[in-house]
Amino acid sequence: MAGSESTVTAGSAQVDPATKARLSSCLVEAKQLAKLRNGAYRASVDELYRNLRATQSYASIAGELSTSTTDLMTPLYQYRVNDSCNTISQLLLKELKKGAMISAN
């Protein structure tokens with residue numbers, strides 16, 4: 001897969017344990033969703049990884065930006081990642097309700 005857990009490290013930014021746990025679950029769900037329906041959900045998974053890479057890039061410079069900029073932009077990047085994770089969760093839930101077979105790997 002194009003992304004990995006190392007993709008989401010945010011430079012020197014501190015990430016609280018609850019956020020790490022949610023992101024870890026999101027990545028597992030994305031990996032499972034990507035395996036379903038011959039890659040039919042690849043676009044949603046790819047969007048998640050694009051948002052994670054953009055957030056990582058932003059986080060690497062956020063400490064050098066003005067407070068007014070980070071007050072505006074940090075929630076935007078958080079929203080984008082959370083929105084992608086919510087989309088992945090909903091799509092996976094839909095497939096599980098249909099009886100999709102999920103592998104442990």
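1. In helix 2, the buried residues are S44, V45, L48, Y49, N51, L52, Y58, A59 and A62; buried means under 20% relative accessible area, with a 1.4 Å probe and protein chains only. Helices here are DSSP runs of H or I of at least four residues, numbered from the N terminus. These buried residues pack against helix 1 (17-35) and helix 3.

2. This is a predicted model, in which local features need pLDDT of at least 70 and side-chain atom pairs count only at pLDDT 80 or more, while totals for chains, interfaces and linings use all residues. Residues are numbered from 1 along each chain as its sequence is written, and side-chain values use heavy atoms, with hydrogens and water left out.

3. The mean pLDDT (the predictor's confidence in each residue, from 0 to 100) is 87, and 85% of the residues reach 70 or more. Over residues 1-12, however, pLDDT stays under 50. Where pLDDT is low, the predicted coordinates should not be read in detail.

4. In helix 1, L23, C26, L27, A30, Q32, L33 and A34 are buried, and the buried residues pack against helix 2 and helix 3. D16 caps the N-terminal end of helix 1, with a side-chain oxygen 3.1 Å from the backbone nitrogen of A18. Just after helix 1, R37 takes a positive phi of about 50°.

5. E95 lies in helix 3 (residues 67-97) and counts as buried because its relative accessibility is 3%. Leaving aside neighbours within four places in sequence, E95 is in contact (heavy atoms within 4.5 Å) with L36, R37, Y41 and A100.

Notes. Helix = DSSP H or I, 4+ residues; strand = E, 2+ residues; numbered from the N terminus. Buried < 20%, exposed > 50% of the residue type's maximum accessible area, 1.4 Å probe, protein only. Polar contact = N/O pair within 3.5 Å; in protein donor to acceptor, adjacent residues only side chain to side chain.
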